[in-house]
Amino acid sequence: MFGGPGIFPGQTTLSRTYSNLSPHNFMYYSINIIAVDNWQPSDKFSIKIDGNTVGTWTPTSHMATYGTSSVCGGTSNDLIYTIIGKKSHISDSLTLEIITD
C-alpha cells in the first residue's frame, strides 16, 4: 500500500519499468486501486502505459465499488477500482505509471 493523507500531496507519480520482455504483440493488465479514506469529487488518478494514458478515474467513476471495510480505520468504506485491459505492445520494455492528482 502506498500513500495516505498528506503522504502524496498534489500530483504524485508511481512508476515502474519492466525490461527484457519476451517477444509479444499484446499486453494484458489487471490493476487494483483502493482509494482509502475520504476522496473528494475533484480527486482523481490516471494510469499510463509507455506514456499513453489508459484512463482517468474519480470517486464518482462508474467503475468504483465500495469495499466492505476501511483499510485505514476511517468512518467510511474504501472505494475499490479494478482496471482490466489489453493493449497492443511489441517493445521489449514497458513503463507503467499511476498518477494521483
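Let's start with a loop. Asn20 sits between S1 and strand S2, which covers 26-35. Keep in mind that this is a predicted model.

What is the phi of Asn20? It is near 55 degrees. That is a positive value, and Asn20 is not a glycine. Is Asn20 buried or exposed? Exposed, because its relative accessible area is 70%, and the cut-off for exposed is over 50%.

Now the second case. Asp50 lies in the loop between strand S3, residues 45-49, and S4. Asp50 is no glycine either, yet its phi is positive, at about 50 degrees. Its relative accessibility is 34%, so Asp50 counts as partly exposed.

On to the sheet. S1, S3 and S4 have come up already. Where do they sit? They belong to an open sheet of four strands. The order is S1-S7-S3-S4, and the pairing is antiparallel.

Which strands stand at the edges? Strand S1, residues 12-18, and strand S4, residues 52-57. Each has a single partner strand, so one side of each is left without a neighbour in the sheet. On average, neighbouring strands here are turned by 15 degrees against each other, direction ignored.

What does S1 pair with? Strand S7, residues 94-100, in the antiparallel sense. How many bridges join S1 and S7? Seven.

To recap. Asp50 is in the loop from S3 to S4. S1 and S4 are the edge strands.

Conventions:
Residues numbered from 1 in each chain as written. Predicted model: local features only at pLDDT ≥ 70, side-chain atom pairs only at ≥ 80, totals over all residues. Heavy atoms only, no water. Pairing = 2+ DSSP bridges. Helix = DSSP H or I, 4+ residues; strand = E, 2+ residues; numbered from the N terminus. Axes fitted to C-alpha atoms, helices over the stretch in contact; angles between N-to-C directions. Buried < 20%, exposed > 50% of the residue type's maximum accessible area, 1.4 Å probe, protein only.
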